[in-house]
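These are my notebook entries on a structure that I had not examined before.

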Amino acid sequence: MLSGKTLVLGVTGSIAIYKGADLASKLTQAGAKVEVIMTESAAQFVSPMTFRSVTNRPVVTSLWEMASEFSIEHVALADAADIIVIAPATANIIAKIAGGIADDSLTCTVLATKAPVVIAPAMHTNMYQNQVTQENIAKLKARGVTFVEPGYGRLASGGVGQGRLAEIETIIGTIKQVLGRNGDLAGKRIVVTAGGTREAIDPVRFIGNRSSGKMGYAVAEAARDRGAQVTLVTAPTALPDPTGIEVVHIQTALQMKEAVTKAVAGADALIMAAAVADYMPKSQAARKIKKAAAGPTLNLELIRTPDILTETRGNFLRIGFAAETEDLVEHAREELEKKQLHMVAANDVTAPDSGFEVDTNRITIITRDGKAEPLPLMTKRDVADRILDRVVGMFKATDSKSVTINVTKTVKNQGWFTIPVKGRALFPEAGHEITLLTEDGEIATNRDKDWNIGANLKPWFRKHPELKEDDKLHITVIKPMERYHIKIEIVK
Ligand code: PMT
């Protein structure tokens, strides 16, 4: 997502500037065009040549120098930027920006830009905690600037405290989140699960599986980068918590179920990439089971865990993964039917470059229309984006659906109609409590198994006495995955 973006990186006079060079290098490697502006004091710490070498771009150091292609018009970078990032940012630069000062290339560019601004402070703890710095940060946050909080640790002064430049991965995560704000999933809430659950046998042993969490984390990060608000429910993994994502840590299948049930309230989609244990020990030993006491064999009684996907219902897209070792598509189709899912990513976990632990995956996307689309081997991040492309498509398709029905005696007199079989996709699968909204206001109703829209529509029919038998009604359901706004038009 950084590829092709113009990113202005402001670096200021902090000992953390060496990390700024690493950031510039990683952003360039990710495909961004990185234009570095150094303040005068930054140039005292490292030579502009360092940044020039890692970005392959000229570096702006002064408002007046003519060596740079940008110095002629000092606001050129302000216009060209997709985003401005200041890392490391000193207390001084934060104060200047908060005060609207424009006395060097960096402050001029920030003052002149309409692009989003991200600031990653790095300074001595006392300077960071000083009331005036905190007031300046609050002022800038209120104006829409995004801050990447400094971490705790050893500082250049030798002391320990908050003030260390945030980790580079955290800064990059924040940049992606800010750039993705208006992406195709903006406004959507997506719950993702990842990792393999651990079912305790005793306080030191558990039944687990090979899931590393990479696939689920990739889905969560891709959704964040496309503007979604993401909750990641994760079993233990070796991966760091992604920036800009609400992360809920759990251990067991039961805990995952509880966390998912809570997280899906008001969500638009649930994507279950986690490898959830199908069985758990019936009971857990309170103390470590001793070999001497257990003898040569140890029998464990296992019971089924709840199936989270099956038991988590609501007005959101439900997408599962199916880790299969044989008959991939058939088994995944059965999964889709059995769990009434909107989509399944069938995952061949037999190949060494696909499935558990590795960075690549090979999936087949199976949807409710019965179609199966095999995808080639790709990175888990690319797999995540392909799945999300489908999710975006499904959201669009469900933005409005319509069907035309004939007015019959029953429709006219009793005030209800039946959705014909071909129009069933107007609503998600049966069993949901739904709220209908017509131009007459809100009518709470339930859609029953026979797809009858209840007698609560009587007031609408009463308002239209002109309706005759054999007239046609065009029924449009707007945003069926979010709100059941029903529009009824009389077709002339
Ligand atoms: O984490 P990685 O190392 O990157 O590996 C990725 C992966 C192989 C774990 C992932 O791509 C994957 O295939 N995840 C699903 C693994 C799995 O448990 O599949 P399943 O066929 O057993 O389950 C089918 C679906 O039901 C899954 O979406 C699963 O999350 C869900 N499930 C399973 C059991 C259960 N009790 N509740 C569930 O909701």
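**Entry 1: the ligand.** I found that 26 residues surround the ligand, the closest being Ser212, Lys214, Ile308, Gly320 and Phe321. A residue is near a molecule if its C-beta atom, placed from the backbone, lies within 6 Å of it. I noted that the model is a predicted one, in which local features need pLDDT of at least 70, side-chain atom pairs count only at pLDDT 80 or more, and totals for chains, interfaces and linings use all residues. Residues are numbered from 1 along each chain as its sequence is written.

Helix 10 (214–225), helix 13 (308–311) and strand 16 (317–324) each give at least two residues to the shell around the ligand. Strand 16 supplies the largest share, 4 residues. Helices (H or I, at least four residues) and strands (E, at least two) are DSSP runs, numbered from the N terminus. I recorded the make-up of the shell as 14 nonpolar, 7 polar and 5 charged residues. Here Ala, Val, Leu, Ile, Met, Phe, Trp, Tyr, Cys and Pro count as nonpolar, Asp, Glu, Lys and Arg as charged, and the others, Gly among them, as polar.

**Entry 2: helix 5.** Which residues of helix 5 (residues 91–98) are buried? I listed Ala91, Ile93, Ile94, Lys96 and Ile97. A residue is buried if 20 or more other C-beta atoms lie within 10 Å of its own, exposed if 12 or fewer, and partly exposed in between, with C-beta atoms placed from the backbone. The buried residues of helix 5 pack against strand 3 (83–89), helix 6 (105–112), strand 4 (117–121), helix 7 (125–129) and helix 8 (131–142). After helix 5 comes Gly100, with a positive phi near 75°.

I then looked at the pair formed with helix 8. Ala91, Ile94, Ala95, Ile97 and Ala98 of helix 5 meet Thr133, Asn136, Ile137, Lys139 and Leu140 of helix 8; contact requires C-beta atoms, placed from the backbone, within 7 Å. The residues of this contact divide into 7 nonpolar, 2 polar and 1 charged.

**Entry 3: Arg362.** I located Arg362 in the loop between strand 18 (360–361) and strand 19 (363–367). Why is Arg362 partly exposed? I counted it so because 19 other C-beta atoms lie within 10 Å. Leaving aside neighbours within four places in sequence, Arg362 is in contact with Asp348, Ala351, Ser354, Leu375, Pro376 and Leu377. Arg362 and Ala345 are 17 residues apart in sequence and 9.4 Å apart in space, C-alpha to C-alpha.

Key
Two residues are in contact if their C-beta atoms, placed from the backbone, lie within 7 Å.
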